[in-house]
Amino acid sequence: MGQQNNDAEGNDASHDGAPDPLTEARAQVAELDDRWRRAAAELDNVRKRAARDGARERTDERIRVLSGWLPVLDNLERALEHSAPAADGFAEGIRSIRDQALALVADLGYPRVDDLGEQFDPNLHEAVGTTQSADHKPGTVAHVARPRYGHEGRVLRPAAVIVAAEQR
């Protein structure tokens, strides 16, 4: 019976101020698990941020390159406007190059848009003048001086337009 009292006293002694190793181990595991989960979440956030930043960089670079090519397209248009009315091989070659360039720009998300007759929208159009026009309602695009590329929300370049004014 003396043995039982020693065991009971021994159990009491182990709880007197001395930390329980099992409780300590569980607390340490919980802390390490929390730190691991936080690190995994941070890594996931870094991956997502890197993906967003990469996509934004690609879009910005695409816009810079395409913006540099728009004057080339404009000059191809001017060359075609000043070519002879009869379709010769040279003009057809220029037209083919222009069409290929337009298709490329459209495939990259910025199609050329014809705004003739559309309601003037300062988000899509840059007014370079007004004109009296019997053919167009006031406030609509009467002439496109330079075409727009892109669509609402993603405009590479607004159209330079002449807007129809009220008849006097």
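A salt bridge is a side-chain nitrogen of Lys or Arg within 4 Å of a carboxyl oxygen of Asp or Glu. Such contacts link Glu 77, Arg 98, Asp 99 and Arg 112 in a network, and the structure holds 14 salt bridges. The model is predicted: local features need pLDDT of at least 70, side-chain atom pairs count only at pLDDT 80 or more, and totals for chains, interfaces and linings use all residues. Residues are numbered from 1 along each chain as its sequence is written, and side-chain values use heavy atoms, with hydrogens and water left out.

- Arg 38 and Asp 34 form a salt bridge at 3.0 Å, N to O; both lie in helix α2 (residues 21-81), 4 residues apart, about one turn of the helix. Helices (H or I, at least four residues) and strands (E, at least two) are DSSP runs, numbered from the N terminus.
- Arg 56 pairs with Asp 53 in a salt bridge whose closest N and O atoms are 2.4 Å apart; these residues are 3 apart in helix α2, about one helical turn.

**Contact between helix α2 and strand β1**

- Arg 112 and Glu 77 meet through their side chains in a salt bridge of 2.8 Å, N to O.
- Arg 112 lies in strand β1 (residues 112-113) and Glu 77 in helix α2, so this pair ties together parts 35 residues apart in sequence.

**Accessibility**

- Buried means under 20% relative accessible area, exposed over 50%, and partly exposed in between (1.4 Å probe, protein chains only).
- Arg 38 is exposed at 57%, whereas Asp 34 is partly exposed at 36%.
- Arg 112 is partly exposed at 35%, while Glu 77 is buried at 14%.
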